[in-house]
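These are my notebook entries on one structure. I wrote down what I looked up, entry by entry.

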Amino acid sequence: MVDDDLPGLPAPPPLGTGALPDGTFDGDAVFVTGGGTGLGRAIAVEFARLGASIVIASRSDGHLAAGREAIEAIGADVATVVCDIRDPAAVADSFDAAEERFGLPRVLVNNAAANFPSPAEELSPNAWRTVVDITLNGTFLCCSEFARRHLAVGTAASIINVGASYAWTGGPGFAHSAAAKAGVANMVETLAVEWGPYGIQVNGLVPGLFPHEDMTGDIRAGLDRGAPGSLDLSQPALRVGERQELGWAATFLASPYARFVSGHTLVVDGANWQRRTLTNPPVATVRRQLGLGPFVPEIPPAPHPS
Ligand code: COA
């Protein structure tokens with residue numbers, strides 16, 4: 001229970017406000033994976049507002065159409081490419097298409113990821129592999145394809161990998177995604193050192209709780225389990241994030257004003273991930289949180305040899 005009169009962190013300026021000078025990204029193309037929906041789109045929109053041309057990569061035609069509409073509404077140039085980031089050939093083709101349209105993008109935002117809640121014991125080998133393949137391997141494939149192209153021509157560039165704070169804490173109910181995001185966080189630190197000498201910055205960006213209309217049903221359901229208004233009260237900021245706050249952080253990291261920032265992961269969550277004490281709320285198993293009964297193995301274990 002929070003005292004009634006506490007203000008929490010102030011609200012940000014409204015959506016549509018630019019955080020950097022107009023035209024900061026004039027002449028730049030920004031390649032955003034998963035940029036058609038949700039927070040990826042929110043990031044793409046802020047780059048577009050500051051003059052960037054946007055390339056949106058996604059597996060889904062519907063998501064690409066939604067992203068195109070949002071960027072066109074800003075009046076910026078946009079290209080869309082169908083791409084499954086698990087497939088190195090598809091990633092290469094997507095960068096070819098981007099280069100053909102706008103020249104080599106100067107910024108890559110690795111936002112695409114896969115996620116769904118599941119008790120670890122229920123994850124099939126393919127479920128585990130799929131999430132790690134998209135979130136970790138796909139992010140690496142995009143980073144390496146993008147960097148190779150810049151290294152070949154000697155141009156400076158900026159990579160932003162979207163992460164998650166359970167990379168550092170573990171993520172009960174999300175063992176696959178948390179492990180993959182831990183890999184992503186680590187990759188930021190390695191690649192920033194390897195590619196810094198060539199002029200390529202690599203940073204991470206971790207969103208806290210930013211409810212949005214494109215959240216998957218199962219993740220949304222997890223948020224909706226609490227009492228109305230309880231999401232705000234669950235945050236030290238006494239409010240959730242507003243999408244432009246994440247977009248502003250992304251544009252800053254790739255801007256000329258952050259040229260000495262590399263190998264850093266910026267967490268935009270109102271200090272929520274540090275909110276740990278020795279006496280957290282009573283433990284509820286992941287199965288219970290997800291409304292699942294006891295674990296029933298598909299194949300009964302073989303009897304113990306006596
Ligand atoms: N619960 C348990 N297992 C799931 C699952 C869920 N909600 N969703 C997918 N899986 C399992 C599948 O059963 C399959 O394993 P199996 O072959 O042993 O049955 C494996 O994961 C691959 O699933 P599939 O649907 O074939 O893979 P895909 O490549 O088409 O897409 C996801 C996989 C994870 C990306 C899919 O859940 C998805 O599209 N999610 C929405 C996008 C998203 O995750 N956004 C991130 C929000 S933070």
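Entry 1, the cavity. I first needed the term: on a 1 Å grid over the protein atoms alone, a cavity is a set of points where a 1.4 Å probe fits but cannot get out, and lining residues have an atom within 4 Å of a point. Grid points are joined across faces, edges and corners, and a volume is the space filled by probe spheres set on the points.

I noted that this is a predicted model, in which local features need pLDDT of at least 70 and side-chain atom pairs count only at pLDDT 80 or more, while totals for chains, interfaces and linings use all residues. Residues are numbered from 1 along each chain as its sequence is written, and side-chain values use heavy atoms, with hydrogens and water left out.

How many cavities of 30 Å³ or more does the structure hold? I found one. The volume of the largest cavity is about 40 Å³. I listed 14 lining residues, and G163, A164, A185, V206 and T265 lie nearest the centre. Two or more lining residues come from each of β5 (157-162), α5 (166-169), α6 (175-195) and β6. Helices here (H or I, at least four residues) and strands (E, at least two) are DSSP runs, numbered from the N terminus. Which element gives the most to the lining? It is α6, with four residues. I sorted the lining by class and got nine nonpolar, four polar and one charged residues. For this count Ala, Val, Leu, Ile, Met, Phe, Trp, Tyr, Cys and Pro are nonpolar, Asp, Glu, Lys and Arg are charged, and the others, Gly among them, are polar.

I placed A192 in helix α6 and N203 in strand β6 (residues 200-207). Are they buried (under 20% relative accessible area) or exposed (over 50%), with partly exposed in between, using a 1.4 Å probe and protein chains only? A192 is buried at 11%, and N203 is buried at 0%. Not counting residues up to four places away in sequence, A192 touches I200, V202, S262 and G263, where contact means heavy atoms within 4.5 Å. With the same exclusion, the contacts of N203 include I159, V188, L253 and G263. The side chain of N203 also reaches the backbone nitrogen of G263 at 3.3 Å.

I checked residues 243-253 and found nine of the eleven buried, so α9 is largely enclosed by the rest of the structure. Among the buried ones are W248 and L253. The cover over them includes α1 (38-49), β5, β6 and β7 (265-268).

I found S94 in helix α3 (residues 88-102), buried at 2%. Its side chain reaches the backbone oxygen of A90 at 2.8 Å. Beyond four places in sequence, S94 is in contact with F31, V81, V82 and C83.

Which of the 13 residues around the ligand come nearest? I noted R59, R86, N115, S124 and N126; to be near, a residue needs a heavy atom within 4 Å. A polar side-chain atom of S124 lies 2.6 Å from a ligand oxygen. For N126, a side-chain N or O atom is 2.8 Å from an oxygen of the ligand. N115 uses a backbone N or O atom, 2.8 Å from a ligand oxygen.

Conventions
Polar contact = N/O pair within 3.5 Å; in protein donor to acceptor, adjacent residues only side chain to side chain. 1 Å grid on protein atoms, 1.4 Å probe; cavity = no way out; pocket = protein on both sides within 12 Å on 5 of 7 lines; lining within 4 Å.
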